[in-house]
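Work through the following exercises with the sequence and the 3D structure at hand. Each one sets a task and then gives a solution in steps.

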Amino acid sequence: MRPKIIILTILLCIFTSAFLFAFFSLSLSRDVLQVHELRPSPAKLKHKLSNHQNSISITNEHNHPSNHRHVFSVPDERPVHSILLPDWEILLTISSPENSVSSDSGDQYFCLFQNNATSPANFAGILQFSGLKTYRCILPNSLQRYETIRSPILTKSASDTWPKNSSELPEMLQWNFLTYESLSTESDLILFVKGVNNRQGFNRPPSELRCVFNNGVTNSVITAVTISAQEVFRCLHPNDTEIRRLFRNGDEKVSVSLQVQELKSWTVPSVAYYSPPQRNLAVKDEKALLCACTMVYNVAKVLKEWVIYNSKIGVEKFILYDNGSEDDLQKVVDELLEDSYKIEKIFWPWPKTQEAGFSHCAMNSRDSCTWMMYTDVDEFIFSPKWLNSSHPSQDMLRNLLPSILIPSSSSSSSSLKTGQVSIDCLEYGPSNQKSHPIEGVTQGYTCRRRLEQRHKSIVLLDAIDTSLLNVIHHFQLKDGYRMKKLSKIEGVVNHYKYQAWSEFKVKFRRRVSAYVVDWKTKLNPASRDRTPGLGFEAIKPKDWDKQFCEVHDNRLKVITQKWFGSVSSNGYKMVWQDK
């Protein structure tokens, strides 16, 4: 019997040890689990998101007395948010009174985190449609394995410590599950939301969704969703009685978001606010016939060339959606404005939202622009018919547009009105360039691939379908409209895509489309978006400078020299070069 008792005792000790080890391991691992996926599971959402209110703690010193702590004070009760973006970037959105938080780039702030780590917080910009100031910082390495990452504190001192009574601060919002922008029209409200329609071509039915309006005081107002497409959701405005209840004092900040009906507590976290439609009795300026809209990131060195060229061939206004540029973009924009070019720069820090940004641009510009050209700043429309022109003309691009819009009740394709012009792209290679050509991309890159790749478009804004659905720079059109495709004799897009390696490798940072895998992600290696011959890292391939060169084509170089060049001691100097 004794050996049996000894064996049972040993087994009991082993079981007890294993239990205690598992218990303490689970307890210790709560704050050190790897964050494999930023989006929470639906089960977790049910429990946590219905009343989720996110904020950065910005506190007064007298609330947390300490001789060595200096926490910056913002005496403002409006909501403040922090959002965890890709690559461990954090975007802080702050609603603050004048002079409480400086937007001067020379003023230094810090993000203070729950483990007392800090990182510099730099002013990023002001969100045009909500008026929120934004700051950007990087999540320290010491927190990147935490399961629970709380909203940081904005402070002016890197030596501050985390307040002891701040344990209830909420977790940071997660970028891939967020209502990030809203836009009111006369008839409805448009929400821009990540995490609801995650696959291209698969959209959740509007009947499963609701728009939720909340002023933080009265009960929420809920309205129906009428359209669900990509990251765009359109819903009804609250009625007049509901609007008066939401804006009881007239100055409330009313948040708005999306609710999924199948999980009644699944309300997407939001940093978007609602503005009721306003009656604009002011006399509107005359619409521009042709505008250009594009999303930009660190394009200061090429912007002048693109703006000057396009303005001389027919573009009247340029709308730039700034995706968080960190170069001298604003300086270049200011210089162009001083030279009387019409440019509107919209701060749009949201990553991988090109389709949504283009949809926003189409709706936001519908009262000021008739046609919108959607090309990137490394893309230049060119017609071989212009080769004999001694100077550019405002009619050059306009002549590519339909001259007569034919109203017709017929459904035949030939009698439909033209609502979009599609133009094929010719992709240029590095052309043996080792760095950015100072004379401009039209001068430095002259060798291209033989076959055209993809296309870009000029679209009639009134012809865009109410879903605002767009893919690769072209839109779905309303019934009654058709797309016209230009021949290569009529026009092409010179796409200076594969530039000198020092410029091209920036594309590895992040792709702008919501539905295109970033090049560093080891998925979809055969995607047409990827560059032939490149792997998943920004490693310069052998003979990169000579690749993608099948046809020497300097036609645009020749005519831009003629139009915009002047003879100098060093050869031609282009008008967009620095003086």
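**Exercise 1.** Determine in which sense strands β14 and β17 pair, and over how many bridges.

*Solution.* In this predicted model, strand β14, made of residues 288-296, pairs with β17 in the parallel sense, and five bridges hold the pairing. Next, follow β17 to another partner: β17 and strand β21, residues 455-460, pair in the antiparallel sense over four bridges. Here Trp371 has Leu460 in β21 as its bridge partner. Finally, consider how covered the strand is: of the six residues of β17, which spans 369-374, five are buried.

**Exercise 2.** Find the order of the strands in the open sheet of seven strands, and name the edge strands.

*Solution.* The order is β6-β3-β4-β5-β2-β1-β7, and the pairing within this open sheet is mixed. The edge strands are β6 (153-155) and β7 (173-174), each of which pairs on one side only.

**Exercise 3.** Describe how helix α4 packs against helix α5, and then how α4 meets helix α10.

*Solution.* Two packed helices are described by the angle between their axes and the distance between the axes. For α4 (residues 300-312) and α5 (residues 329-338), the angle is about 25° and the axes are 9 Å apart. Angles under 35 degrees count as roughly parallel, and therefore α4 and α5 are roughly parallel to each other. The crossing of α4 past α5 is right-handed. On the α4 side the contact is made by Ala300, Leu303, Lys304, Val307 and Ile308, and on the α5 side by Leu329, Val332, Val333, Glu335 and Leu336. Sorted by class, this contact of α4 with α5 has eight nonpolar, no polar and two charged residues.

Now turn to α10 (residues 555-564): the axes of α4 and α10 come within 12 Å and cross at roughly 80°, which makes α4 roughly perpendicular to α10. Ile308, Tyr309 and Lys312 in α4 meet Leu556, Thr560, Trp563 and Phe564 in α10. By class, the contact of α4 with α10 has five nonpolar residues, one polar and one charged.

**Exercise 4.** Locate Arg454 and Leu468, each of which has a positive phi although it is not a glycine, and decide for each whether it is buried or partly exposed.

*Solution.* Most residues other than glycine have a negative phi. Arg454, with a phi of about 55°, is found in the loop between β20 (447-448) and β21, and Arg454 is partly exposed, with a relative accessible area of 31%. Leu468, with a phi of about 60°, lies in the loop between β21 and β22 (470-471). Leu468 has a relative accessible area of 2% and is buried.

Definitions and conventions
Residues numbered from 1 in each chain as written. Predicted model: local features only at pLDDT ≥ 70, side-chain atom pairs only at ≥ 80, totals over all residues. Heavy atoms only, no water. Pairing = 2+ DSSP bridges. Helix = DSSP H or I, 4+ residues; strand = E, 2+ residues; numbered from the N terminus. Axes fitted to C-alpha atoms, helices over the stretch in contact; angles between N-to-C directions. Parallel < 35°, antiparallel > 145°, perpendicular 65-115°, else oblique. Left-handed = near helix turned anticlockwise from the far one by under 90°. Contact = heavy atoms within 4.5 Å. Nonpolar A, V, L, I, M, F, W, Y, C, P; charged D, E, K, R; others polar. Buried < 20%, exposed > 50% of the residue type's maximum accessible area, 1.4 Å probe, protein only.
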